[in-house]
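The sequence and the structure are shown first.

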Amino acid sequence: MTRWMLRLMLLLGCCMPLLASAEPTFAALKVVPGADGSETYSVTIQVLMFMTALSLLPVALMMMTSFTRIVIVLAILRQALGTQQSPSNQIIIGLSLFLSLFIMMPVFNQVYDDALGPYLKDEIQVQEAVERAAIPFRGFMLAQTRDDDLTLFADISNAGEFESADDVPFSLLMPAFVTSELKTAFQIGFIILIPFLVIDLVIATLLMSMGMMMLSPMIISLPFKIMLFVLIDGWSLIMGTLAASFMS
């Protein structure tokens, strides 16, 4: 054991000059000040910031787009049909994602034209690109947010009244937007539930009148609900209604 300790100490002693003469591991992490007072980050810091932003992408997808309303309505629709796990959660999330991309495409195009495109061409800095990218999302979120919800969170935070929509901070707009989306999603879900609830009540009444109380009404009503949904072209109606609810 002593022999190995001596060999290890000799090896470290030989490597110390090499380690001292080597460059620091994070030499690429540099911030270069500009002549006008601005700061330019090195490529390594930009990559680090980009990876950090990617980790927040799922949260931004749910909190700043139409995804929340769509996925809740589709989940309520599956519950109303009584088909248990069909369509599966993966299919519902996939439908919600691609329908959200369809609805949000004008916003994404404006973000690319005003912020991402000029930034990739080195025409603007990162901070200005972020400020420009926030404008389309702010307009979309404000259009879907109820005034009552904005007033609620403004009162909670003691923010007071705002002179214009541009004065509403994102920290207040985001919870108000999500609250409004939840309200709208459950309102649409309630309207969807009504015809399927009527079918369940009719089937349950018929079974009780026939003395078949031990038979679950869900088993008998399921084919009728699926038939009704197919005959009225339900998927097209649901998707069209969801998309149109954001265009108004």
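Contact here means that heavy atoms lie within 4.5 Å. The model is predicted, and in it arginine 138 is found in helix H6, which spans residues 126–144. Leaving aside neighbours within four places in sequence, arginine 138 is in contact with Ala165, Asp166, Val168, Phe170 and Leu173.

Alanine 80 lies in helix H4, made up of residues 67–81, and, not counting residues up to four places away in sequence, alanine 80 touches Leu193, Phe196 and Lys225. The C-alpha atoms of alanine 80 and isoleucine 194 are separated by 8.7 Å, although these residues are 114 residues apart along the chain.

Since buried means under 20% relative accessible area, arginine 138 counts as buried because its value is 16%, and alanine 80 is buried with a value of 4%.

| Residue | Relative accessible area |
|---|---|
| Arginine 138 | 16% |
| Alanine 80 | 4% |

Two packed helices are described by the angle between their axes and the distance between the axes. The axes of H4 and helix H10 (residues 234–247) come within 11 Å and cross at roughly 150°, which makes H4 roughly antiparallel to H10. The crossing in which H4 passes H10 is right-handed. On the H4 side, Arg69, Ile70, Val73, Leu74 and Leu77 take part, and they meet Trp235, Ile238, Met239, Leu242, Ser245 and Phe246 of H10. The residues of this contact of H4 with H10 divide into 9 nonpolar, 1 polar and 1 charged.

Note on methods: Residues are numbered from 1 along each chain as its sequence is written. This is a predicted model: local features need pLDDT of at least 70, side-chain atom pairs count only at pLDDT 80 or more; totals for chains, interfaces and linings use all residues. Side-chain values use heavy atoms; hydrogens and water are left out. Helices (H or I, at least four residues) and strands (E, at least two) are DSSP runs, numbered from the N terminus. Buried means under 20% relative accessible area, exposed over 50%, partly exposed in between (1.4 Å probe, protein chains only). Axes are lines fitted to C-alpha atoms, for helices over the stretch in contact, and angles run from 0 to 180 degrees between N-to-C directions. Angles under 35 degrees count as roughly parallel, over 145 as roughly antiparallel, 65 to 115 as roughly perpendicular and the rest as oblique. A crossing is left-handed if the near helix is turned anticlockwise from the far one by less than a right angle, and right-handed if clockwise. Ala, Val, Leu, Ile, Met, Phe, Trp, Tyr, Cys and Pro count as nonpolar, Asp, Glu, Lys and Arg as charged, and the others, Gly among them, as polar.
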